[in-house]
Amino acid sequence: MVTIASLWLPILLSAVLVWIASAIVWMALPHHKTDWKPLPDEEALRSALNAQQTGTGQFLVPFAASQAATKDPEYTRKRNEGPVGFLTLTPPGAEGMGGKMAGSFVYYLVVGVMVAYLAGRTLGPGTQYLAVFRIVSTTAWLAYAFAIVPESIWFGRPWSTTIKHMADGLAYALITAGTFGWLWPSA
């Protein structure tokens, strides 16, 4: 067994490296440029939402407050006519990146701690690089990539976007696994 405390360096370094890789993925690589599309008349939608003073949160169109309400003919009509969708509204104002970047780094640290916990409980000191790599990459890929699948299943996120996120998650997992394998404690 290897303690989490003895894995502080791979936890921290993998979080830094994944944070850098994520910045490169989102700022320099082109594959996420097509994840979002413009609306045909953005101003009309903005005006309609502002007039309703919706505030922030997640919204469902059409909305049914209960399972019984989904059987209402009016709900069925709206659902059949469309549009049908999910809308997330965030607070207005300048979009600050600092808090989001810090939040992602904390997320990468938490993933590193959880990966360290699992690997430390299943592998001993002096475990060979490839054995560490196999356990850590699988665990990290699960953490970085698979939670997004239900977004496509349930909420209409395009599968192409989900697959791109899963590929990004695989890259992050390989970086994490390489770091842990490299810095794994010797016997």
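Modeller: Let's start with F155, which counts as partly exposed because its relative accessibility is 42% (buried is under 20% relative accessible area, exposed over 50%, partly exposed in between, with a 1.4 Å probe and protein chains only). This is a predicted model, so local features need pLDDT of at least 70 and side-chain atom pairs count only at pLDDT 80 or more, while totals for chains, interfaces and linings use all residues. Residues are numbered from 1 along each chain as its sequence is written, and side-chain values use heavy atoms, with hydrogens and water left out.

Searching the whole structure turns up 8 aromatic pairs (Phe, Tyr and Trp rings, the six-membered one for Trp, with centres within 6.5 Å; planes under 30 degrees apart are stacked, over 60 edge-to-face, the rest tilted). One of them joins F86 and F155, edge-to-face, with 5.1 Å from centre to centre and 85° between the planes. It ties together distant parts of the chain: F86 sits in strand β2 and F155 in helix α6 (residues 149–155), 69 residues apart (helices are DSSP runs of H or I, at least four residues; strands are E, at least two; both numbered from the N terminus). F86 is partly exposed too, since its relative accessible area is 44%.

How confident is the predictor here? Strand β2 (residues 85–89) has the lowest mean pLDDT among the chain's elements, 91, whereas helix α5 (residues 129–145) has the highest, 98 (pLDDT is confidence in each residue, from 0 to 100). The chain as a whole averages 95, and 100% of the residues score at least 70.

Elsewhere, Y107, Y108, Y144 and Y172 make up one aromatic cluster.

How values were computed
pLDDT is the predictor's confidence in each residue, from 0 to 100.
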